[in-house]
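Me: I would like to go through a fold feature by feature. Please give the general idea before the case at hand.

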Amino acid sequence: MQDRTYTADAEPGDDATVAGWVHEIRDLGGIAFLILRDATGKIQIKFEKDEMDDDLVETGLGVSRESVVSVSGAVEEEPRAPTGVEVVPESVDVISAADPELPLDPSGKVDADLSTRLDNRTLDLRKDEVQAVFEIRAEILRAARERFREFHCTEINTPKIVATGTEGGTELFPITYFGEEAFMNQSPQLFKQLIAGSNVERVFEIGPIFRAEEHNTPRHLNEATSIDFEGAFCDQNDAMDVAEGVVKAAYEAVAENCGDELEALGLAEDFSVPEGDFPRLSYEEAIERINATGELDEQLVWGDDLPTEGEKALGDDVGGHYFITDWPSEIKPFYIMDHGDEELSTGFDLMHPRMELVSGGQREHRHEHLIEGFEQQGLDPDQFEYYTKMFKYGMPPHAGFGLGGERLIMTILGLDNIREAVLFPRDRQRLSP
Ligand code: AMO
């Protein structure tokens, strides 16, 4: 709309047209206020009933909450108004009247459960604290992109419809692709490696991954956003440096650029950026420390995957982000390289005390070892020939990682449920909206 002024830009002395949603109507008798809200904030519209045209008063005060209106009038200074100014209306135009029966209350006075909120995201996002999550999400992704560029990475986009999966066959969503079986991609893993093997060398991708996991938990989605890195001539330590840099950049950007949003979420006082280097514990040290906490009924032994309670106990013990390195090869994917000694892999995880954020490692770049890895994993190397073939034409050593975008946002903001970090989550129960 050409002549529209954002509420935040309305200055005393202006003749302005403001447009937005009816947040609230406060009727005090002879005087009444319509509080109008837009993306920049709220403004008070004053109705002096005896001094104004009846039709104008009726339209302005008769409109239902959350209707979209446009109001033209003089902007005046009013120290008692929440923003120090108010509009004295000359005309009120109801552009889109809202049904008075709202499925949720955007003023937040009445709480709604998460499911009602997700079913009505448009209304839910009218709340400052919900909008703040997505403004911060955008800032975190912007900061991640910027940090990757500082690490000389090129942003890539890889296919999401694929012929084969890599992260475990049971977790694939099958689809039909012109009569052939295909799948939604679980990870850009193989594609990012193929590009790192060209002389583009360092790449990143921020995009969707699809996991047909049955479990329904506060930290799993069936469609998540993965922040992926892959770099030629990198080993696992370089990849850990990049992962640490990206996670810290996200915290720093939120601290520097999201003051109002943190305020809306009630986090402004306590928000802090992680300090110092993230400790790097070997898997062996990790299981020893978990066993020493005494939190588990059974002691962990070499080769065990870390149970959620074990991760929690270790997270409480370490008290901040930390890496777990040198995992047993048998519990890491086939594309992760071993450390000379076949027992030990170069795989690593980056943990937040609440959950795993990242997995990564140096990759197997030797063609014959890669083929053996596929076979050991029970995968048919012939199906992956498009990938393995490129390892015959000059594949440098390379390393990378995948960082869960929603888990990053969730842990930075202390959200209880990962679904709060996604506009339209996909989970076991939710395919729409
Ligand atoms: P992985 O499967 O561990 O590794 O995934 C990497 C990170 O992605 C996030 N993540 C998820 N977040 C929410 N819901 C899910 N269902 C989900 N699954 C994964 C987690 C996890 O740490 N190809 C490797 C990465 C690599 O080695 O580069 C991979 O996909 O935060």
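Me: What does the domain assignment give for the protein chain?

Reply: This is a predicted model. Its chain is assigned domain 1, residues 7–96, and domain 2, which consists of 122–278 + 320–421. Taken over C-alpha atoms, the centres of domain 1 and domain 2 are 48 Å apart.

Me: How should I read strand pairing, and in which sense do strand 1 and strand 4 run?

Reply: Strands of a sheet pair through backbone hydrogen bonds, and the sense is either parallel or antiparallel. Here strand 1 (residues 15–27) and strand 4 (residues 68–77) run antiparallel, joined by 7 bridges.

Me: How many bridges pair strand 4 with strand 5?

Reply: There are 10 bridges between strand 4 and strand 5 (residues 85–96), again in the antiparallel sense. Val71 has Val92 of strand 5 as its bridge partner.

Me: What is the strand order in the open sheet of 8 strands?

Reply: The order reads 6-10-11-18-17-16-13-12, and the pairing is mixed. Strand 6 (154–155) and strand 12 (280–282) are the edge strands, each pairing on one side only. Within the sheet, strand 11 (residues 223–232) runs antiparallel to strand 18 (residues 398–404), with 7 bridges between the two. One of the bridge pairs there is Glu230 with Gly400 of strand 18.

Me: Which strands do helix 6 and helix 9 lie across?

Reply: Helix 6 (residues 236–257) lies across strands 11, 12, 13, 16, 17 and 18, and runs at about 30° to strand 18. Helix 9 (residues 308–318) lies across strands 12, 13, 16 and 17, at about 130° to strand 13.

Me: What angle and axis distance describe the packing of helix 4 and helix 12?

Reply: In general, two packed helices are described by the angle between their axes and the distance between the axes. Helix 4 (residues 128–150) and helix 12 (residues 405–413) pack at about 120°, and their axes are 11 Å apart. Because of that angle, helix 4 is oblique to helix 12. The crossing is right-handed.

Me: Which residues make the contact?

Reply: Helix 4 contributes Val133, Ile136, Arg137 and Ile140, while helix 12 contributes Glu406, Leu408, Ile409, Ile412 and Leu413. By class, the contact residues comprise 7 nonpolar, no polar and 2 charged.

Technical notes. Residues numbered from 1 in each chain as written. Predicted model: local features only at pLDDT ≥ 70, side-chain atom pairs only at ≥ 80, totals over all residues. Heavy atoms only, no water. Axes fitted to C-alpha atoms, helices over the stretch in contact; angles between N-to-C directions. Helix = DSSP H or I, 4+ residues; strand = E, 2+ residues; numbered from the N terminus. Parallel < 35°, antiparallel > 145°, perpendicular 65-115°, else oblique. Left-handed = near helix turned anticlockwise from the far one by under 90°. Contact = heavy atoms within 4.5 Å. Nonpolar A, V, L, I, M, F, W, Y, C, P; charged D, E, K, R; others polar. Domains from an automatic or database assignment. Pairing = 2+ DSSP bridges.
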